[in-house]
Amino acid sequence: TNLDVVTRVNGEERQRGNTGTLMFPFARIINYISTFTTLEPGDCIATGTPPGAGARFDPPRWLKAGDVVEVECPDVGVLRNIVKDEM
């Protein structure tokens with residue numbers, strides 16, 4: 001499928017992509033992962049990142065404690081997390 005995905009940090013758009021550009025379709029990724037682990041409801045599968053990651057800025061812009069990161073897929077919903085310091 002072709003789903004738009006947008007990532008924002010503190011409300012600022014940092015990444016915009018579409019699942020149609022993935023190297024492998026979701027069905028193939030899920031099938032492969034299922035050969036060596038049982039997927040459970042709520043599991044997340046990381047598939048990579050579109051342009052706009054912190055290292056690609058000049059100078060780099062890394063996430064810091066207190067930043068609010070939102071990843072939105074209009075047909076799915078919004079995943080929102082607050083960055084915390086390492087323990």
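Asp67 is buried, with a relative accessible area of 5%, where buried denotes under 20% relative accessible area, exposed over 50%, and partly exposed the range in between (1.4 Å probe, protein chains only). The structure is a predicted model, in which local features need pLDDT of at least 70 and side-chain atom pairs count only at pLDDT 80 or more, while totals for chains, interfaces and linings use all residues. Residues are numbered from 1 along each chain as its sequence is written, and side-chain values use heavy atoms, with hydrogens and water left out.

Asp67 is placed in the loop between α1 and β3; helices (H or I, at least four residues) and strands (E, at least two) are DSSP runs, numbered from the N terminus. The side chain of Asp67 makes a polar contact with the side chain of Asn10 at 2.9 Å. A polar contact is a pair of N or O atoms within 3.5 Å; within protein, one must be able to donate a hydrogen and the other to accept it, and residues adjacent in sequence count only if both atoms are side-chain atoms. The backbone nitrogen of Lys64 is also reached by the Asp67 side chain, at 2.9 Å. In contrast to buried Asp67, Lys64 is exposed, at a relative accessible area of 52%. When residues up to four places away in sequence are not counted, Asp67 touches Val9, Asn10, Trp62, Asn81, Ile82 and Val83, contact meaning heavy atoms within 4.5 Å.

In the whole structure, 6 salt bridges are found. One of these joins Arg61 to Glu12, with the closest N and O atoms 2.8 Å apart. This pair links distant parts of the chain, Arg61 lying in the loop between α1 and β3 (68-73) and Glu12 in strand β2, 49 residues apart. Arg61 counts as partly exposed at 31% relative accessibility, and Glu12 is partly exposed at 33%. Glu12, Arg14 and Arg61 are linked in a network of salt bridges. The charged end of Arg61 also sits over the ring of Phe57, 4.6 Å from its centre; this assignment requires NZ of Lys or CZ of Arg within 6 Å of the ring centre and within 35 degrees of the ring normal.

A further salt bridge is formed by the side chains of Arg80 and Glu70 (3.5 Å, N to O). Here too distant parts of the chain are linked, with Arg80 in strand β4 (residues 77-82) and Glu70 in strand β3, 10 residues apart. Arg80 is exposed, with a relative accessible area of 51%, whereas Glu70 is partly exposed at 23%.

Aromatic rings were also examined. Rings of Phe, Tyr and Trp (its six-membered ring) pair if their centres lie within 6.5 Å, with planes under 30 degrees apart counted as stacked, over 60 as edge-to-face and the rest as tilted. By this rule the structure has 1 aromatic pair. The ring centres of Tyr32 and Phe36 are 5.3 Å apart and the planes stand at 70 degrees, so the pair is edge-to-face. Tyr32 is exposed at 54%, and Phe36 counts as exposed at 55%.

Thr19 occupies the loop between β2 (12-18) and α1 (26-33) and counts as buried at 12% relative accessibility. A polar atom of the Thr19 side chain lies 2.8 Å from the backbone nitrogen of Leu3.

How values were computed. A salt bridge is a side-chain nitrogen of Lys or Arg within 4 Å of a carboxyl oxygen of Asp or Glu.
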